[in-house]
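Here is a short report on charged side chains and a pocket. Please look over the sequence and model first.

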Amino acid sequence: MQTPKLPAITSESATPRVRFAGALDRRPLAGLVPHFELVFFLTMEAFGKVHPSQRNYAQWLQMKEAERELHRRDMAQLYIATSERFGHSAILLHPNPGGLNETLELVKHIRELSGDRYFILRHGDCTFSIPDGDQMPDFCYRLVDEPEKVHAEAARNVEFAIRDAEVYARQAGGIDGFALCCDYCFNTGPFLSPGQFSEFITPYLARLTDAYRKLGFYVIKHTDGNIMPILDQLVQTNPHALHSLDPQGGVDIREVKRLYGDRIALCGNVACNAMDTGTEREVIDSTRYALRHGMPGGGYIFCTSNCVYTGMALQRYELMLDLWRKEGRYGPDGLTPESA
């Protein structure tokens with residue numbers, strides 16, 4: 001495995017934002033490995049507040065601007081409180097209706113309340129994901145009957161996404177990167193064959209990622225399920241990191257690290273099924289496995305294999321974090337786990 005060439009971040013007092021970016025760049029990091037969750041839905045249990053993505057947006061549409069401003073501030077405070085309590089280095093936004101402007105308003109509040117402490121992500125994927133069940137047949141027919149129209153639609157989607165990113169790029173102190181959250185895979189494998197994937201998704205994912213990077217943004221590509229048949233293509237599109245390396249889909253973080261750890265950062269992959277319905281021993285074993293095989297050589301961000309979803313026991317998440325705080329630390333070289 002190649003050693004990261006960028007300078008080490010040796011100070012543990014560096015902000016979570018700096019350390020998170022350092023992990024995405026595969027820089028050596030002193031101390032605790034960065035941690036975040038794509039979504040942390042247990043805000044009601046932890047803070048007595050509904051998660052921003054689960055709020056009543058019909059009510060939002062009826063609010064006057066003064067009410068909306070209070071609501072934005074409350075959302076920002078909740079994101080920050082979650083990050084502070086659970087050691088998150090990054091925040092993935094779920095803005096109110098209103099498109100790009102509402103994202104910018106929410107970022108403004110988070111930055112006003114916390115400065116540049118946290119790395120801020122926005123959803124930014126426009127590639128084709130697994131269609132809903134009732135749409136799957138029509139999509140499959142289109143790939144065969146009208147591939148030119150499918151390609152044209154994919155290209156338009158990328159153009160629109162890049163235009164939005166150009167606006168974000170002009171905002172000083174705005175977002176730091178994009179989480180590309182279109183899912184491509186079931187537990188048994190991708191919803192398209194590798195050949196179809198290389199035709200209808202990979203070129204557009206690569207174009208999107210390249211544009212984001214050129215604008216100065218970081219890119220994390222998320223997809224659940226068994227990504228192994230298309231792993232090489234995902235890596236070729238050149239995101240900074242892959243998330244979530246789903247063990248329920250048979251993805252082994254040790255193998256992904258062996259294959260591509262010198263080229264891309266990894267985010268994962270404590271098994272959500274163990275967190276939800278497994279034993280405490282299974283949670284501990286999955287946590288330890290992720291740390292031991294994700295950390296060596298750097299380029300690793302610790303998290304679950306999907307998100308901390310509604311219904312998962314908060315105690316299980318805290319059990320995972322206890323082990324992370326004890327065993328998720330790098331030694332002096334910033335590349336080797338302290339416990340190694």
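This is a predicted model: local features need pLDDT of at least 70, side-chain atom pairs count only at pLDDT 80 or more; totals for chains, interfaces and linings use all residues.

## A buried arginine

R122 sits in strand β3, which spans residues 119–123. R122 is buried and forms no salt bridge. D164 is the nearest side chain of opposite charge, at 7.7 Å. A salt bridge requires nitrogen and carboxyl oxygen within 4 Å.

R122 does have a polar partner: its side chain meets that of T103 in a polar contact of 2.8 Å. Beyond its neighbours within four places in sequence, R122 touches several residues, among them L92, P95, Y168, I175 and F178.

## Salt bridges

The structure contains 20 salt bridges. One joins E69 and R72, at 2.7 Å from N to O. Both residues belong to helix α4, three residues apart, or about one turn. E69 is partly exposed at 27% relative accessible area, whereas R72 is buried at 3%.

K108 and E105 pair at 3.2 Å, N to O. They are three residues apart in helix α5 (residues 100–114), about one helical turn. K108 is partly exposed at 36%, and E105 is partly exposed at 25%.

R142 and E146 form a salt bridge of 3.0 Å, N to O. R142 has a relative accessible area of 23%; E146 has 25%. A network of salt bridges links R17, R111, D116 and D176.

## The largest pocket

The largest pocket holds about 330 Å³ of space. Its lining comprises 19 residues, and P16, L32, G87, S89 and R117 are the closest to its centre. Helices α1 (16–24), α4 (65–86) and α14 (314–327) each give two or more residues to the lining.

Note on methods. Residues are numbered from 1 along each chain as its sequence is written. Side-chain values use heavy atoms; hydrogens and water are left out. Helices (H or I, at least four residues) and strands (E, at least two) are DSSP runs, numbered from the N terminus. Buried means under 20% relative accessible area, exposed over 50%, partly exposed in between (1.4 Å probe, protein chains only). Lys and Arg count as positive and Asp and Glu as negative; His and the chain ends are not counted. A polar contact is a pair of N or O atoms within 3.5 Å; within protein, one must be able to donate a hydrogen and the other to accept it, and residues adjacent in sequence count only if both atoms are side-chain atoms. Contact means heavy atoms within 4.5 Å. On a 1 Å grid over the protein atoms alone, a cavity is a set of points where a 1.4 Å probe fits but cannot get out, and a pocket is an open set with protein on both sides within 12 Å along at least five of seven lines; lining residues have an atom within 4 Å of a point. Grid points are joined across faces, edges and corners, and a volume is the space filled by probe spheres set on the points.
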